[in-house]
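User: Can we go through this model together? I'd like the layout, then the ligand.
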Amino acid sequence: MKIAVVALGKIGLPLAVQFADADPSHEVVGVDVNPRVVELVNAGTEPFPGEAHLADKLAQLVPAGRLRATTDYAEAIPGADAVVLVVPLFVDEATGAPDFGWMDEATRSLAAHLTPGTLVSYETTLPVGTTRTRWKPMLEQISGLTEGADFHLVFSPERVLTGRVFADLRRYPKLVGGLSEEGTRRAVEFYEAVLSFDDRDDLPRPNGVWDMGSAEAAEMAKLAETTYRDVNIGLANQFARFADTAGIDVHKVIEACNSQPYSHIHTPGIAVGGHCIPVYPRLYLSTDADATVVRTAREANAAMPEYAVARAESLLGSLDGLRVVVLGASYRGRVKETAFSGVFATVAALRERGAQVLVHDPMYTDAELAGYGWEPYTLGDPVDVAIVQADHPEYATLAATDLPGLRLLLDGRRVTDPARFTGVPRLTIGGGEPLPA
Ligand SMILES: NC(=O)c1ccc[n+]([C@@H]2O[C@H](COP(=O)([O-])OP(=O)(O)OC[C@H]3O[C@@H](n4cnc5c(N)ncnc54)[C@H](O)[C@@H]3O)[C@@H](O)[C@H]2O)c1
């Protein structure tokens, strides 16, 4: 097979490698608009760190001529048996509306070079209906070809986690949904040829490629599995807020609930960040305005940084003029990524109250933190309040002596060790610690 992968990012590049690795007879070409990425891939070097086995596989497949990269769609698309596109989609931070800019551009370039006989599979997470109502007409108009006759279009969401893409590709069923029976059949055949699956006896049907029946069902599956997590965390956060008012430790409650197999309550915390969980519910809401449960959960989660700061304020009376450090710029521990991180809303809520805000993160240099407009904090400098925003493992061993003058620790991730903070008030989200009357 001749296979093209459009966008060699954290998902597209491992996919291209997987397709090339699956069979020595496959010819795989990756297209990316970034010439630096293309250059690195063609040198057999990984353009980003942290993806298990990627460096080894690139070093093997590229010199063997089984995988190459280009910036030129004309080199990759004509005559391809399959084109997999995984260019990112963005969401407007203020309005939550999907921004198709990069994807439209990539689709136009792809369409301009599409030839008869190709299977086109979109893997980027999309609002329900996008494959049929946006990509099909765009591809047809620009290429002059007809979907279902000259080429086939399907949607197949990417469900892997970066860092462990190759393992997840084996572990999770590959969902596909076409616009026609023939398109779906071809997509099932394609993915069966390029993927292998672990046996799993916990699934209702054998692990492998699952036909979802329509592109819309496949689009919805990805949005539903991620929106479920946001809604679940929203519920956990509401339980946590109630527990705080009632003097109950919600973590004990959740542990107890989840000891029975029908309860899967997630962990409450100061924020839900990252590219996926805060974003996909908004893509879902863009086509289902009646989803009040989804909307309310998203609002509940978005309000958590403000809740945490208000809780700190109620213990101290006022934060005006106090030195407050936010521990963790990343959206979660162990990941150097600030996309939709709770740091932004936490810093804003503190600044609104007149606090002098500092930010610390073991994964970022002071210059990087300053680049975001934050004053970097060094452990050992005097500070009045500390708010843990990301569960970096380093914070598990943090002690009051690292934060001289500390009057309050608000641990938004429950990662610190209370024994290391004796004598300093320590609040958590849902810990139910008493506040002064
Ligand atoms: N990152 C994840 O954890 C993850 C997990 C599951 C699914 N996904 C899905 O994968 C999508 C892509 O994510 P990613 O992390 O790989 O993105 P990324 O930011 O790592 O890479 C995107 C790549 O797209 C390239 N690009 C932009 N415009 C292009 C164009 N017109 N033509 C060709 N290439 C172009 C960029 O140069 C870049 O190399 C996401 O939007 C999401 O839907 C991501």
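User: What does the domain assignment of the protein give?
Analyst: The assignment gives domain 1 (2–214) and domain 2 (223–437). Such bounds come from an automatic or database domain assignment. A caution on reading the model: it is predicted, so local features need pLDDT of at least 70 and side-chain atom pairs count only at pLDDT 80 or more, while totals for chains, interfaces and linings use all residues. Residues are numbered from 1 along each chain as its sequence is written, and side-chain values use heavy atoms, leaving out hydrogens and water.

User: How far apart are the C-alpha centres of domain 1 and domain 2?
Analyst: They lie 35 Å apart.

User: And how many residues are in contact?
Analyst: 12 residues of domain 1 contact nine residues of domain 2. Contact means heavy atoms within 4.5 Å.

User: What area is buried between domain 1 and domain 2?
Analyst: About 1000 Å², with carbon and sulfur atoms giving 63% of it. That is the accessible area (1.4 Å probe) the two parts lose on being put together, summed over both.

User: Which residues form the salt bridge?
Analyst: R159 pairs with E225, and their closest N and O atoms are 2.9 Å apart. The rule wants a side-chain nitrogen of Lys or Arg within 4 Å of a carboxyl oxygen of Asp or Glu. It finds one salt bridge across the interface of domain 1 and domain 2.

User: Switching to the ligand. Which residues come nearest?
Analyst: K10, I11, D32, Y73 and T125, out of 23 residues around the ligand. Being near takes a heavy atom within 4 Å.

User: Where is the polar backbone atom of K10?
Analyst: It is 2.9 Å from an oxygen atom of the ligand. A polar backbone atom of T125 is also 2.9 Å from a ligand oxygen. For Y280, a polar side-chain atom lies 3.4 Å from an oxygen atom of the ligand.

Key
A polar contact is a pair of N or O atoms within 3.5 Å; within protein, one must be able to donate a hydrogen and the other to accept it, and residues adjacent in sequence count only if both atoms are side-chain atoms.
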